[in-house]
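Please consult the sequence and the model alongside the text.

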Amino acid sequence: MPRPTAAQLAYGSCTVIFSTLAMLLLSRTSSGAGIAIIAVAALALGLLVAMTVPLPGKRPAAAEQQPAPAEPLRASVPAPAPEPVRERAVS
């Protein structure tokens, strides 16, 4: 099992803290069972957020499965028009 990155730990921890506070404030519960349920829900949400943070250096699976073009694309650029020769005016 790979170690969690710093970003995963930070996102997961912030999610647990803020979701716990939000659920406690919104539910206005004071019973031990209600607080325990909110704590377990916040931990589950934090774990979900931490596991869905993309890992560095890995590309999405959809980007890896794109087929290569059948033949290379070639751009045709017209040759630039020749400029008239300009000579310095004698003053």
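## Basis and confidence

The model is predicted: local features require a pLDDT of at least 70, side-chain atom pairs count only at pLDDT 80 or more, and totals for chains, interfaces and linings use all residues. Residues are numbered from 1 along each chain as its sequence is written, and side-chain values use heavy atoms, with hydrogens and water left out.

The average pLDDT (the predictor's confidence in each residue, from 0 to 100) is 79 for the protein chain, and 79% of the residues score at least 70. Confidence is highest in helix 2, at 88, and lowest in helix 3 (residues 61-64), at a mean of 60.

## Overall composition

The protein chain contains three helices and zero strands, and its elements run α-α-α from the N terminus on. Helices (H or I, at least four residues) and strands (E, at least two) are DSSP runs, numbered from the N terminus.

Of the 91 residues of the protein chain, 13% count as buried. Buried denotes under 20% relative accessible area, exposed over 50%, and partly exposed the range in between, with a 1.4 Å probe and protein chains only. The chain exposes about 8500 Å², of which carbon and sulfur atoms supply 66%. Accessible areas come from the Shrake-Rupley method with a 1.4 Å probe; for residues, only the protein chains shown count as cover.

Helix 1 comprises 22 residues (6-27) and reaches 31 Å from its first C-alpha to its last, close to the 32 Å expected at 1.5 Å a residue. The expected span is 1.5 Å times one less than the number of residues.

Q8, G12, T15, V16, S19 and T20 are the buried residues of helix 1. Seen down the helix axis, they fall within an arc of 120°, so they line one face of helix 1; the arc is that of the directions from the helix axis to the C-beta atoms. An α-helix has 3.6 residues a turn, so residues three or four places apart point the same way. The buried residues pack against helix 2 (32-52), while A6, F18 and L25 are exposed on the other side of helix 1.

## Residues of helix 1 in detail

S19 is buried, with a relative accessible area of 12%. A polar atom of its side chain lies 2.5 Å from the backbone oxygen of T15. This is a polar contact, a pair of N or O atoms within 3.5 Å; within protein, one must be able to donate a hydrogen and the other to accept it, and residues adjacent in sequence count only if both atoms are side-chain atoms. Neighbours within four places in sequence aside, S19 is in contact (heavy atoms within 4.5 Å) with A42 and L45.

For Q8, the relative accessible area is 6%, and the residue is buried. The backbone oxygen of A50 is 3.3 Å from a polar atom of the Q8 side chain. Y11, also placed in helix 1, touches V49 and V53, not counting residues up to four places away in sequence. Y11 and V53 are 42 residues apart in sequence, yet their C-alpha atoms are 8.0 Å apart in space.

## The residue after helix 1

R28 follows helix 1 and lies in the loop between helix 1 and helix 2. Its phi is near 55°, a positive value in a residue other than glycine. Most residues other than glycine have a negative phi. R28 is exposed, with a relative accessible area of 75%.
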